[in-house]
Amino acid sequence: MKEKLAKIRQEAIEKIKNVSSMESLNELKVAYLGKKGQMTEVLKGMKDVDASERPLIGQMVNDTRNEIENCFEEMRSSLESAILEARLKTEVIDVTLPGKAKDLGHEHPCSLILSEVEDIFIGMGYEVVSGPEVEYDYYNFEALNIPANHPAKDEQDTFYINNDILLRTQTSSVQIHQMEKGVLPIRMIAPGRVFRADEVDATHSPCFHQIEGLVVDKGITFADLKGTLDEFAKRFFGPDTRTKFRPHHFPFTEPSAEVDVSCFKCGGKGCRFCKGEGWIEILGCGMVHPHVLEMVGIDPNEYSGFAFGMGLERLTLLKCEIDDMRLLYENDSRFLKQF
Amino acid sequence: MNASLSWIKAYVPDLTAGYQEFRDAMTLSGTKVEGFTQFDKDLDKIVIGQIDKIEKHPDADKLLICQVNLGDENVQIVTGASNVFEGAKIPVVKDGGKVAGGHDGKMTEGGITIKAGKLRGIDSYGMMCSIEELGSTREMYPDAAENGIYILPDDAEIGADAIEYLGLHDANYEFEITSNRVDCYSVLGIAREAAATFRLPFHGIEPKIEKTIEDIHDYLEVEVEDPDLCPRYTCMMVKNIRLAPSPMWLQRRLASNGIRPINNVVDITNYVMEEFGQPMHAFDYDTIHGHKIIVKRANDGDLFVTLDGQERKLDKDILMINDAERPIGIAGIMGGEDSKITDDVQTLVFESACFDGTNNRLSAKRLGMRTDASGKYEKGLDPNNALPALIRACQLIEELDAGDVVGGTIDIYPDPVEEKQILFDPERINAYLGTDIDEETQLSFFPPLEIKYDPSTRMLTIPTFRQDLLRGADIAEEVARFYGYDNIPSTLPDSEEMSGRLTRGFVVQNKIRETMRAYGYSEAMTFSFESPKVFDKLHLVADDPHRNAITISNPLGEDYSIMRTSLINGMLTSLAINYNRRNKTAALYELSNIYLPKALPLTELPDERMTLCFGFYGDGDFFDLKGTMEEVLTRLGLKMSRDYVADGSIAFLHPGRQAKVMIKGGREQIGYLGEVHPQVSKTYGINGKAYVAQVDAQALYEYANFDKKYKEIPKYPAVTRDLSMVMDKSIPAGEIENVIAKCGGKLIESYSLFDVYEGERIGENKKSLAYNLVFRAKDRTLEDKDVNPVIDKIIEKLKEKNIELRS
C-alpha cells in the first residue's frame with residue numbers, strides 16, 4: 001500500500017509538472033482525484049488494510065492526496081498566470097486612437113457669457129430679475145427721464161405697438177419696476193431682450209440682449225459705481241484689466257459715464273483687435289438721476305444709487321472673438337458646437 | 001461736431017497741448033474725440049521760396065530749370081509745372097523733406113520723401129509744391145493754381161515755414177457731442193470745455209459794430225404770429241453789399257474746419273454758424289414783398305419751392321417765414337428759391353432766430369430734408385445766443401468791408417429765458433461722488449464754464465446756454481468731470497451684506513438647459529418677431545388661436561412685423577438653415593418668450609410666456625423626442641403624471657405622429673410634440689423627417705419641485721416576468737401600462753416595453769408588445785406565490801380590453 005501510494009504520488013506530481021494546458025491539467029485532476037480516480041481507488045482499498053495499520057495508512061493517504069492537490073493548485077495558478085500574461089500581450093491597444101465622444105448639446109455663446117456675468121454679480125450680492133419685453137412707454141421712456149418728443153423716442157429707433165405700448169429699447173425699464181416695488185435696498189441685475197429698429201448687419205440686430213444693473217441704498221456713491229464695475233471687469237476680462245470711465249450723457253443717470261476696459265488681447269498696447277486704441281468700450285453707467293428716484297417715490301435726499309447697462313451680444317462677440325453678429329441668430333450647428 | 005485746434009486756441013490762447021494730449025484730455029472730461037486729422041502729419045522741410053530765374057531744360061521740352069531763393073540758400077529745382085514765373089513765391093520742399101501726396105491728389109500714407117537728384121541730367125535740389133502735394137485741395141484753398149505749383153500771395157516771407165504760412169500746422173477734431181450739450185455744437189462751446197479741461201482762462205468774444213448807417217426800422221417790419229414755435233426772432237440789415245473773396249485768415253479758418261470758402265457773405269454766415277452754433281439765414285431785401293416778415297404756420301397742402309429748386313408740400317405744423325404776400329422760407333430748415341441771395345444782391349437781411357427744436361426736427365423729418373441749419377435748430381438752441389451771433393455776423397461784414405451795416409436791430413423775444421440759480425453744496429457733492437475735494441478746488445472749475453458764484457448766497461448762476469444744468473446732481477457731474485473721473489476713488493458699496501440669487505424662473509430655466517444639453521440639443525436664439533405668413537406656412541386654420549398675434553406698427557418689414565405666438569417657426573427655420581448647409585444632423589432648443597395678447601388690439605401688456613421648443617432632424621424618431629420631453633419633466637421634479645393624447649389636431653404635425661402633453665388628469669395641456677407634417681417640412685426646405693416639441697416653461701415654474709428625498713435602496717431581490725401580448729393595432733400601449741400600474745399595486749416596481757412586433761405571424765392589423773415587469777417587496781424576498789396572482793390579475797384585466805397573451 002505504501003509503495004502504491006508513493007508510486008501514485010510520484011507519477012502524479014511528475015505528470016502535473018509536465019502539463020502545459022488547463023484542459024490536460026483538469027483531465028489529470030479527474031484521473032487522480034476524481035470519483036473514479038486513482039486516489040479514490042486507494043481509499044476503496046482501505047477496507048483490506050489491517051485495522052492496526054489503518055490510522056497510519058489513512059494518514060498517508062490523506063497526506064498524499066493533499067500533496068497532489070497542492071501540486072495541482074500550484075500548477076493551476078501558474079498556468080492561469082501564464083494564460084493571463086499571454087492574453088494581456090494580445091490585448092495591447094493604440095492609445096493614440098481618438099476617444100469616443102458623447103453628442104452633448106452646447107450652450108449658445110450668449111448664454112455662456114450671461115452665466116459668467118450672472119455668477120460675478122450674484123457673488124457680489126445681486127439678485128437676477130426680469131421684466132416685460134413688451135412694455136408701456138412710461139417704463140421705457142418717461143420714468144427714465146426721457147420725455148415725449150425726445151429724439152431717442154423717434155420712431156426710427158423704437159418699435160411701437162400703439163401709442164402707449166412698445167417693444168422695450170433698453171432693459172433700464174426693469175429699474176423702474178424694481179424700484180416701484182418699494183423694497184430697499186436694491187441690488188439687481190436684469191438680463192433680457194431689447195429691440196431697436198436697426199437693420200441686420202455684422203454689428204447690428206433689431207433684437208438683442210442687454211444686462212441692466214441697479215443698486216439703490218443710503219450713501220451709494222459714484223466711487224462705489226467705479227469700484228463695482230472695476231471689480232466686474234477684472235473678474236470678467238482678467239485680473240490685469242484696467243477700466244477707464246469717460247463722462248457721457250444718459251437721461252436717467254447723473255453723472256453718467258461710458259466705461260472702456262484695457263484691451264484683453266494686447267493688454268492696452270494697441271492691436272488690431274482694439275483698433276490700435278488699447279481700450280474697448282463695454283458699457284454705459286451712472287448715478288441714478290434724482291428725478292428718476294423722485295418719480296418712483298424714493299427720496300433722493302435719503303437714498304442714492306447707480307445703474308449700468310451692457311450689451312450681451314457685444315460682450316459675447318468680444319470675448320468669443322466672433323466677427324459677425326448674424327452668426328448668433330443663424331443657429332448653425334457648426335457654430336453652436338464651438339461653445 | 002468738427003473743430004480745428006487752431007480755431008479752439010483762438011479762445012484759449014494759453015493752450016499748448018499736443019494733438020494726442022488734447023484728444024485724450026477732452027475725451028476724459030466728456031467731450032469725446034472720435035478722431036482727428038493732423039494736416040502736417042506727412043509734411044516736412046517745406047519753406048517759402050522765390051523763383052529768381054527760369055531757363056528751359058536743354059533736353060526736355062516740358063521741363064524748366066528754376067533758380068530758387070530760399071532765404072538762407074539758393075537752390076536749383078527742375079519742374080514740369082508750366083505756371084511758374086520769375087518772381088513767384090512758392091512752397092518748396094527741401095532735400096530730405098516730405099510731402100503728403102502726388103499732384104494728382106492721391107495721398108500716400110506716411111508721405112513721400114523728396115531727395116536731391118537729376119532730372120534728365122540736370123541737378124534738382126527739391127520740389128516746388130502744388131496744394132495737392134501739401135495734402136489739401138483747391139476746394140479749401142481756392143487761390144491755389146489748378147494743375148500747377150501753388151503761387152503764394154505777395155505777403156509770403158521768403159525762407160519762412162510754408163506749412164505755418166498756410167495754416168497747416170493744425171488738426172481737425174471730430175467730437176461726439178451728447179444730446180444734452182447743445183452749446184458744444186459750436187467752436188466757442190468746445191473751446192469753453194477745453195479751457196475748463198486744461199484749467200486755462202477762456203477768452204470769449206463780445207461782438208460789437210463800430211459804424212452803422214440809417215435804421216432798420218425804416219426798412220423792415222417783423223411779426224411773429226406763432227411765438228410757441230419761435231421764441232425769438234432777430235434781424236439786422238446790410239446795404240451796399242460788396243461781394244468778394246474772404247481774406248486769407250477767414251478762408252484758412254473755414255478750411256481748417258473743412259468748410260469751403262465761397263465769398264465774404266456766405267463765408268460769414270458759415271463762420272458764425274461754426275463759431276456760435278447759431279444758424280443764420282440771409283434774404284435778399286429786394287425780394288421781400290411789402291418789406292415785411294411774418295413768422296407763422298403753413299396751411300395743410302401749401303406748396304413751396306426751396307432754394308434747391310425742389311417743390312415741398314407743407315402742413316399746418318410747419319413754421320414758415322413769409323413776406324407780406326407769400327412764404328419765403330421754411331423756418332430753420334431752408335430758404336426759398338425766390339428770396340435767395342444772388343451775385344446781384346444789393347441789400348440783405350440777416351435772420352438769427354430760435355425755433356422750437358422738437359417742431360423743427362419733426363418738420364424736417366416729414367419734409368425729408370435735414371439741413372445743416374435744422375441739424376442745429378432741432379437740438380433746441382439757446383435764444384440768448386441769437387443776438388450776439390447776429391451782431392458777430394455784422395461785425396464781420398464791417399471788418400471785411402463786405403457792406404454797410406444798417407443801424408438798429410429787430411428783436412422779437414416776448415419771453416426771455418432767465419439764468420438759473422443752483423445752490424453750491426460742496427459737502428453734498430463729495431458725499432455723492434465718494435470724494436474729498438475741497439471747496440476751493442470745486443469752485444475753480446466754474447469760471448471757464450462761465451458759471452458765476454456768489455459766496456454770500458452760495459448760489460451758482462448758470463449761463464442760459466447750459467440747458468443741461470438744472471440741479472445739484474448736474475453740478476456734481478461738472479465737478480467730477482473736471483476733477484477727473486480717473487481721480488475719483490474706486491470703492492464697493494458698504495451697505496449691509498446682501499445675498500445674491502437667481503429668481504425661481506431662472507433656476508427652472510437653467511435646469512431645463514442642463515437637461516437639453518445632456519440630451520444633445522444645442523441652444524438656438526431667434527428673433528421675437530416674424531412674418532404673419534408663418535401661420536399659413538404652418539397650415540394653421542383661420543381661427544387658430546396662434547394667429548392672434550401682436551402687430552408692430554412700424555416694423556422693419558413684413559418679415560419682422562408680428563410678435564411670435566410660438567417658437568415653432570424659429571425652430572423650423574433654424575433647422576432648415578442647418579439642413580440647407582448640409583449638416584447631417586441638427587438638434588436645437590430655444591428657451592425664450594412668446595407673446596400672447598389678452599385682447600386685440602392691445603390695451604394692456606400681453607402674457608409673455610417663457611417657452612421651451614426643441615427639435616431635430618437626421619438622427620432619431622418620435623420616441624427620442626418623447627424621451628427628451630419626459631426627461632425634462634422628470635428633472636424638474638414634476639410629481640404629477642403625464643398623459644400623451646393623440647388627437648391629431650395640431651396642423652403642422654404629422655396627424656398620426658403627434659401628441660399633446662397633458663397633466664392634472666388631462667385637464668391642463670403643457671405642451672405638444674410630434675413629427676413635422678411632411679408638407680410643412682418641405683415648405684421650410686427640409687427633405688426628410690423633422691421633429692419638434694414645445695413646452696410652456698412658464699407653467700413649469702410653478703410645478704417644478706427640486707426637493708429631493710432619499711428612498712431606501714432595495715435590500716431584497718426583485719422578481720422579473722416578461723409578458724408578451726397581442727392586440728389590435730389601434731389599441732395604444734398606454735392602455736396596457738395603465739393596467740400593469742393599477743393591478744401591480746405595491747409590488748410592481750417598474751415595467752418597460754422591450755419589443756414591438758407587427759407582421760404575418762400574428763395576423764393583419766395586429767401588433768405584439770412585450771413588457772418586462774419587475775416586482776419587489778421592501779421587507780422580504782418575493783416568491784412565486786406572491787407574484788403569480790398579480791400576473792393573473794393583469795392578464796385577466798387585459799383580456800377584458802381584448803388584449804391577449806401571445807402564445
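Student: In which order do the four strands of the open sheet in chain B stand?

Tutor: Strands of a sheet pair through backbone hydrogen bonds, either parallel or antiparallel. Here the order is β39-β40-β38-β41 in chain B, with antiparallel pairing. Strands are DSSP E runs of at least two residues, and helices are H or I runs of at least four, numbered from the N terminus; two strands pair if DSSP finds at least two bridges between them. This is a predicted model: local features need pLDDT of at least 70, side-chain atom pairs count only at pLDDT 80 or more, and totals for chains, interfaces and linings use all residues. Residues are numbered from 1 along each chain as its sequence is written, chains are lettered from A and ligands numbered from 1 in the order written, and side-chain values use heavy atoms, without hydrogens and water.

Student: Which strands stand at the edges?

Tutor: β39 (748–757) and β41 (804–805) of chain B do; each has a single partner strand, so one side of each lacks a neighbour in the sheet. β39(B) is joined to β40 (residues 766–775) of chain B by eight bridges, and Leu753(B) stands opposite Tyr771(B) in β40(B).

Student: Which strands does α19(B) lie across?

Tutor: Contact means heavy atoms within 4.5 Å. Axes are lines fitted to C-alpha atoms, for helices over the stretch in contact, with angles from 0 to 180 degrees between N-to-C directions. α19(B) lies across β38 (719–728), β39 and β40 of chain B, at about 25° to β40(B). α20(B) lies across β38, β40 and β41 of chain B, at about 10° to β38(B).

Student: Which residues of α19(B) meet α20(B)?

Tutor: Ile736(B), Val739(B), Ile740(B), Cys743(B) and Gly744(B) do; among their counterparts in α20(B) are Val790(B) and Leu798(B).
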